[in-house]
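Here's a quick briefing to read alongside the model. Have the structure open as you go.

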Amino acid sequence: MSTLKPYWAYAKATFTVGLAYRLHILFWVLSDIVQVSVLLLIWTAIFNSSSASTIQGYSLGQMMIYNLVIYMTGSFVFMRPLWDLAEDHYDGKIAMSLIKPTKYLYEVFFRNLGNNFIGNLIISLPLVTVLIGVSLTMNTGVTYTIPNVLLYVVSIVLALVISFFSNFLFATMIFLTDATFGMMQLNEAVIKIFSGSMIPLSFFPGWLRTIAEILPYASVYSVPTLILMGRLSGMSLWSSLGMQIAWAVGLVIVTNLVWDRIVERLKVHGG
């Protein structure tokens, strides 16, 4: 634990600074409320215009639960190191970070963890309350068992690791291009499409669903959500968790190797 102590200071500092910007937090909350509300209204309109009571195995109540859970999951696993790398790279602060006794890769991880704590405080906890309320007042057909909740927590931890390291690996392209804004937009678009956060992956055609399930983004959003809703069981459950473990371990190893190589080049060109 003593080796983690300096890193926890980064998380604490980011959390403290984040809470100081109350107006930013207010707009953050309002933005998320609007996005969730719009999604629920869209799906309500889709089901009301359909003669079928279920679409791709989802009733209206189950689709509402899905959107609430996946949005809550997104808050739990929120990690966007691209912003940190872009700011540190263009301001030159990365040079100071590289001479510190801590590793920059994990410094950014704990900085993002501090922001993650804020998101959990202002978004995830209220969504849990809403989720419980919807589940109690609507006959959604979704039941939450203790094993599923525990597996959801395990899945969230793995998803958090996958989320950070996959995003950090993508963010290293900042050192090859100055198109930071375009990279951010591309990254967000790919995540939204292939993670199941826009629509469940079961709505995708077979070949596209197979691709999406292999990519790491489904392991970040879709897998934890389906576990909590009880829509993964048996071999599909354990294979999904196995995929998460494989992505988490693989991304940690690959990202460390790539970052160490980048640091060597930075030292060569920067002295």
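Which side chain does Lys 103 meet in a salt bridge? The partner is Asp 260, at 3.2 Å from N to O; a salt bridge here is a side-chain nitrogen of Lys or Arg within 4 Å of a carboxyl oxygen of Asp or Glu. Lys 103 sits in the loop between helix 5 (93–98) and helix 6 while Asp 260 is in helix 12 (residues 234–270), so the pair ties together parts that are 157 residues apart in sequence.

Some ground rules before the rest. This is a predicted model, where local features need pLDDT of at least 70 and side-chain atom pairs count only at pLDDT 80 or more, but totals for chains, interfaces and linings use all residues. Residues are numbered from 1 along each chain as its sequence is written, and side-chain values use heavy atoms, leaving out hydrogens and water.

**Overall build**
- The protein chain has 12 helices and two strands, taken as DSSP runs numbered from the N terminus (helices H or I, at least four residues; strands E, at least two).
- Starting at the N terminus, the order is α-α-β-β-α-α-α-α-α-α-α-α-α-α.
- The C-alpha trace spans about 65 × 40 × 40 Å along its principal axes.
- Of the 271 residues, 46% count as buried, with buried meaning under 20% relative accessible area, exposed over 50% and partly exposed in between (1.4 Å probe, protein chains only).
- Residues 24 or more positions apart make up 79% of the contacts with a separation of 6 or more; contact means heavy atoms within 4.5 Å.

**Salt bridges**
- Searching the whole structure turns up six salt bridges.
- Both ends of the Lys 103 pair are partly exposed: Lys 103 has a relative accessible area of 25%, and Asp 260 has 35%.
- Glu 107 and Arg 111 also pair up, at 2.8 Å from N to O, and they're four residues apart in helix 6, about one helical turn.
- Glu 107 is buried at 2%, and Arg 111 counts as buried too, at 16%.
- Arg 209 and Glu 213 form another salt bridge, at 2.9 Å from N to O.
- Those two are both in helix 9 (residues 206–214), four residues apart.
- Salt bridges with shared partners join Asp 84, Asp 88, Glu 107 and Arg 111 into one network.

**Around Val 108**
- Val 108 lies in helix 6 (residues 104–137) and is buried, at 0% relative accessible area.
- Leaving aside neighbours within four places in sequence, Val 108 contacts Pro 81, Asp 84, Leu 85, Phe 164 and Phe 168.
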